[in-house]
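Please read this report with the sequence and the three-dimensional view side by side, and look for each named part as it comes up.

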Amino acid sequence: MTKKWLLAMILSMLSLSAGCSVWDGIRGCPDGQIDWADVLMINDIKYGSDMINKETTLPETGDRLGKVTYMLDGHACSSHKLKNGEATYVSVGTPVYEVIGYKPEFRVFADGRVFQVIDNPNAETLGDLADIRGKVTKISIRSDEDDTLLGELETRQTEEFLKEYLALAYKGEITPENESDRDNRVFIYFHLEDGSTFHTIYMIDENIIGYEGHGNEKMKRIIESAVKE
């Protein structure tokens, strides 16, 4: 085996795809390229941008809540635990602002986009987590496979569903018994007065809302009725 052939083999191994476990000498960790979720944390609350439908206009911002002090992308290993002031794709020094019309515990603005709460350790109910009371114009139900519209709640159904939803105990992270089973799961879209929309997964059989709370039979009946129609 020649030295040139050995060198070529080593270089080939080092250029493996991102999904492989490759030692990253710059960061000092056994990771290739990491596809982070677009999240940030400030004041012990974790926010993400992926659940919000892209808005046509930028929201009005209020007070500055803080700034990003560390960016994970290109610097952290996959085992890194997000801390206050950290973000995955927002550059260091970027300010984080409150969004006018919403509590900062629900939505914030940074780097040209809105981030919505993923986890709030101080929330006791989904109403504490989601600042949407009195702001929902309609609720639609879509397929979790191809996002096709399955149905919409009538006005009375929307009011009843929201009342139950906001009162549910916030559990943080719920692990479904049959998470790999994709049958009977839908997306619930909340359409808000400012034109923005966000969605959460609803596992109908296990009556689990967004891994955050356990639904009840009344909510289940409302969703099933709307989908069947």
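## F190 and the nonpolar cores

In this predicted model, F190 touches I132, V136, K138, I139, F161, L162, Y165, S196, T197, F198 and T200, when residues up to four places away in sequence are not counted. F190 also belongs to the largest nonpolar core, which has 45 residues, and it is among the members that touch the most other members, together with I132, F161, Y165 and I223.

## The six-stranded sheet

Which order do the strands of the open sheet follow? The 6 strands are arranged as β10-β9-β11-β12-β13-β14, and their pairing is antiparallel. Because β10 (149–152) and β14 (213–214) stand at the edges and each has a single partner strand, one side of each is left without a neighbour in the sheet. Within the sheet, strand β12 (residues 197–203) and strand β13 (residues 208–209) run antiparallel and are joined by 2 bridges, and I209 in β13 is the bridge partner of Y202.

Helix α4, covering residues 217–228, lies across β9, β10, β11, β12 and β13, and runs at about 120° to β10.

T197 lies in strand β12, and it counts as buried because its relative accessibility is 10%, where buried means under 20%. Although T197 and N53 are 144 residues apart in sequence, their C-alpha atoms are 5.4 Å apart in space.

F187 is found in strand β11. With sequence neighbours within four places again left aside, F187 is in contact with S140, I141, R142, S143, D144, D147, H199, T200 and I201. F187 and L150 are 37 residues apart in sequence, and their C-alpha atoms are 9.5 Å apart in space.

## Pairing of β3, β6 and β7

Strand β6 takes part in two pairings that can be followed in turn. Strand β3 (residues 61–67) and strand β6 (residues 95–99) run antiparallel and are joined by 4 bridges, with V96 in β6 as the bridge partner of G66. β6 also pairs with strand β7 (residues 107–110), in the antiparallel sense and over 2 bridges, and here Y97 stands opposite F109 in β7.

## Two loop residues with positive phi

Where in the chain does D44 sit? D44 is found in the loop between β1 (39–42) and β2 (45–48), and it has a positive phi of about 70° although it is not a glycine. With a relative accessible area of 45%, D44 is partly exposed.

D147 also has a positive phi, of about 65°, although it is not a glycine, and its place is in the loop between β9 and β10. D147 counts as partly exposed at 32% relative accessibility, and it is one of the residues in contact with F187.

## The protein as a whole and the confidence of the model

Seen as a whole, the protein contains 4 helices and 14 strands, and 45% of its 229 residues count as buried. Of the contacts in the protein with a separation of 6 or more, 64% are accounted for by residues 24 or more positions apart. The accessible surface of the protein comes to about 13100 Å², and 50% of it belongs to carbon and sulfur atoms.

How confident is the predictor in the protein, and what is the mean pLDDT? The mean pLDDT is 84, and 80% of the residues reach 70 or more. Over residues 1–23, however, pLDDT stays under 50, and for these residues the model has 15 contacts beyond four places in sequence.

Terms used
Residues are numbered from 1 along each chain as its sequence is written. This is a predicted model: local features need pLDDT of at least 70, side-chain atom pairs count only at pLDDT 80 or more; totals for chains, interfaces and linings use all residues. Side-chain values use heavy atoms; hydrogens and water are left out. Two strands pair if DSSP finds at least two bridges between them. Contact means heavy atoms within 4.5 Å. Axes are lines fitted to C-alpha atoms, for helices over the stretch in contact, and angles run from 0 to 180 degrees between N-to-C directions. pLDDT is the predictor's confidence in each residue, from 0 to 100. A nonpolar core is a set of buried Ala, Val, Leu, Ile, Met, Phe, Trp, Tyr and Cys residues joined through side-chain atoms within 4.5 Å. Buried means under 20% relative accessible area, exposed over 50%, partly exposed in between (1.4 Å probe, protein chains only). Accessible areas come from the Shrake-Rupley method with a 1.4 Å probe; for residues, only the protein chains shown count as cover.
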